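Me: I've got a structure open and I'm new to it. Could you walk me through how to read a few of its features?

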Amino acid sequence: MAESEVLFTITRESLDTGLRGFPVGTCPNSHVDPMKGLFYGGYAIPELADKEPEAVIYLLLKRDFPTPVQLADFKQEIISHSKLHPGVIEHIKGLPKQGHPMKWLLSALNAMGMYSGTGDYAQDYLNVIAQLPEAVAAIFRIRSGWGDPIPSRPEMGWMENFVYMLGAPGASPKLVQLLRSFAILHFDHGGGNLSTFVGKSVASGLEDMYGSLVAAMAALAGPLHGMANQECLRFLKTISKDIKDPTDEAAVHTYVENLMARGGVLYGFGHAVLRVEDPRATVQYGLGELLAPKDPLFRLAVTLRKVGSEFLKKKGKAADPYPNVDAVSGCLLSACGLTDENYYTVLFGLSRCVGIAGQIVYERKEARGGKGVPIVRPSYLYSGPVR
Ligand code: MLT
């Protein structure tokens, strides 16, 4: 690319639009194409959803698939970093139950940093990805009253161990398969999604990995970002109270029409970048047909996929009238036994910390020939009173 190439023109209309579409940096880990969706290290996400999570983590970090030997070494490295400080569990036990699980995640990450932070981004990357499954499983168990944390067995595999440590009452044997894919689909989403941008911005001031991830996860907790998965399941549950047959397209159409006429929100549709159905949603619709084909909420999500898109297209106002990743993830989690939607964003966070931490390592240790990206400092045009 020529040095002087114009990439984006900023006009007055560009201001106060949330930096929408402004190129601000480079990201070698992942990217989002408006028409093709998400890629990790150049591979399209549908090609990756069935792989081993550890191999995809490696791909994101090193931008290449590991050889079998490299994968075995990498797994061993994760295992060797997986000892969570017991003080973190004690800390989690003291948190107020009325706090949302995402507040617990922020608190747990902060405690992890205080107990085990090394100040080195690459070391802390490994510690975070290796230890976070244990912390998140403890959040589920302690906050839900399922019992004491289950000791970690990291040799089982990154996601297998997480599901084992969850010990979720009523969980389906299909939960491991679902969560392996769920994790891969949520690891990363280019350099500019809110939580990643926030995490990298905080790290640009040389705050350590843990503090940067705390900030990133606070960003993820907003309902317009990661917490949308929780809201989407609530939305499906609300519709299902009024619609007896989840495959009834006419009834769902009428519901959507009335909802939109009242100024309501069609949760799970639209995206800031994508202009096609989110391929992460497409993969999950396919997974649902395998894992939970008869689940009423899944069937409703499938009906909504068609009816909602048709409705939004006809209305002609939505830039992206298609389902996004959150449209269907919740009903699959629920069908596989994780029925409390309050925890869904924590699962998103467990996965997204992998991508954000990887991008932080890149920006701090590799970008600009190893010098790192300087402190983030955009400018705002003064619009207050002139004296
Ligand atoms: C994400 O996965 O981060 C969301 O789709 C939001 C985004 O990319 O802006």
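Me: Let's start with His189. How far is a polar side-chain atom of His189 from an oxygen atom of the ligand?

Reply: Keep in mind that this is a predicted model. A pair of N or O atoms within 3.5 Å counts as a polar contact. Here, a polar side-chain atom of His189 sits 2.6 Å from a ligand oxygen.

Me: Which residues are around the ligand?

Reply: You'll find His189, Asn193, His225, His271, Arg280, Phe348 and Arg352 there. By type, this shell has four polar residues, two charged and one nonpolar.

Me: Now the helices. How do I read a packed pair?

Reply: Two packed helices are described by the angle between their axes and the distance between those axes. Take helix 4 (residues 101-116) and helix 9 (residues 209-220): the angle is about 175 degrees, and the axes are 9 Å apart. Angles over 145 degrees count as roughly antiparallel, so helix 4 and helix 9 are roughly antiparallel to each other.

Me: Which residues meet there?

Reply: Among them are Met102, Leu105 and Leu109 from helix 4, and Tyr210, Leu213 and Met217 from helix 9. The residues of this contact split into 11 nonpolar, two polar and no charged.

Conventions. Residues are numbered from 1 along each chain as its sequence is written. This is a predicted model: local features need pLDDT of at least 70, side-chain atom pairs count only at pLDDT 80 or more; totals for chains, interfaces and linings use all residues. Side-chain values use heavy atoms; hydrogens and water are left out. A residue is near a molecule or strand if one of its heavy atoms lies within 4 Å of it. A polar contact is a pair of N or O atoms within 3.5 Å; within protein, one must be able to donate a hydrogen and the other to accept it, and residues adjacent in sequence count only if both atoms are side-chain atoms. Ala, Val, Leu, Ile, Met, Phe, Trp, Tyr, Cys and Pro count as nonpolar, Asp, Glu, Lys and Arg as charged, and the others, Gly among them, as polar. Axes are lines fitted to C-alpha atoms, for helices over the stretch in contact, and angles run from 0 to 180 degrees between N-to-C directions. Helices (H or I, at least four residues) and strands (E, at least two) are DSSP runs, numbered from the N terminus. Angles under 35 degrees count as roughly parallel, over 145 as roughly antiparallel, 65 to 115 as roughly perpendicular and the rest as oblique. Contact means heavy atoms within 4.5 Å.
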